[in-house]
Amino acid sequence: SAHRKTSSSTAEELKDRLRKQASETRKKEREIKLLKREIDDLRTDLETKTHELTAIQIQSETANADAAKTILIHQRQIQRVQDKEKRSQEDRESMAQEWREK
């Protein structure tokens, strides 16, 4: 009789342990599901930020190219003005030379 009680209480303990393990397993599965969702959100956020960064880099390269073009145009304009001033100076010097020779 005592032996039978021990075996039935052991069966109850086993059932209890299995219930606890099942409960723990479900809890862990919920945690995993939440973490997976969080990972998906982070991945989406990363992709969005990567696209934004690429767009900014393209804008930056375009702005740099435009700035380089503008600098080149200004340098050419400055060069033209300097060349004109130089010719004008040379013309004045040659006129002064002609006057001195007269």
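Q: Which residues form a positive surface patch?

A: In this predicted model, the residues that form a positive surface patch are R26, K27, K28 and R30. One of them, K28, sits in helix 1. K28 is partly exposed, with a relative accessible area of 46%.

Q: How many helices and how many strands does the chain have?

A: The chain has one helix and zero strands. Helix 1 covers residues 2-101.

Q: What does the radius of gyration say about how spread out the chain is?

A: The value is compared with what the globule rule gives for a chain of 102 residues, which is 13 Å. Here the radius of gyration is 43 Å, well over that figure, so the chain is more spread out than a compact globule.

Q: What does the C-alpha trace span along its principal axes?

A: The spans are about 150 × 15 × 5 Å. A pair of residues gives another view: D91 and A22 are 69 residues apart along the chain, and their C-alpha atoms are separated by 102 Å. D91 itself lies in helix 1 and, at 46% relative accessibility, counts as partly exposed.

Q: What percentage of the residues count as buried?

A: A residue is called buried when its relative accessible area is under 20%. Of the 102 residues in this chain, 0% count as buried.

Q: What is the accessible surface of the chain, and what percentage belongs to carbon and sulfur atoms?

A: The accessible surface comes to about 10000 Å². Carbon and sulfur atoms account for 56% of this area.

Q: How many salt bridges are there?

A: To count as a salt bridge, a side-chain nitrogen of Lys or Arg must lie within 4 Å of a carboxyl oxygen of Asp or Glu. By that rule the count is five salt bridges.

Q: Which residues are linked with D16 in a network of salt bridges?

A: The network links D16, R19 and K20. In the bridge between D16 and R19, the closest N and O atoms are 3.7 Å apart. The side chains of K20 and D16 also meet in a salt bridge, again with an N to O distance of 3.7 Å.

Q: Is K20 buried or exposed?

A: K20 is exposed, with a relative accessible area of 54%. The cut-off for that label is over 50%. D16, at 33%, is partly exposed.

Q: Where do D40 and R43 lie, and what do their side chains form?

A: D40 and R43 both lie in helix 1, three residues apart, about one turn of the helix. Their side chains meet in a salt bridge with an N to O distance of 3.4 Å. D40 is partly exposed, its relative accessible area being 41%. R43 is likewise partly exposed, at 48%.

Q: How many positive and negative charges does the chain have, and how far apart are their mean positions?

A: The chain has 24 positive and 21 negative charges.

Conventions. Residues numbered from 1 in each chain as written. Predicted model: local features only at pLDDT ≥ 70, side-chain atom pairs only at ≥ 80, totals over all residues. Heavy atoms only, no water. Helix = DSSP H or I, 4+ residues; strand = E, 2+ residues; numbered from the N terminus. Buried < 20%, exposed > 50% of the residue type's maximum accessible area, 1.4 Å probe, protein only. Rg over C-alpha atoms; globule rule 2.2 N^0.38 Å. Areas by Shrake-Rupley, 256 points an atom, 1.4 Å probe, with all protein chains shown as cover. Lys, Arg positive; Asp, Glu negative; His and termini not counted. Charge placed at Lys NZ, Arg CZ, Asp CG, Glu CD. Patch = residues over 30% accessible without salt bridge, like charges linked within 9 Å, V, L, I, M, F, W, Y side chains within 5 Å.
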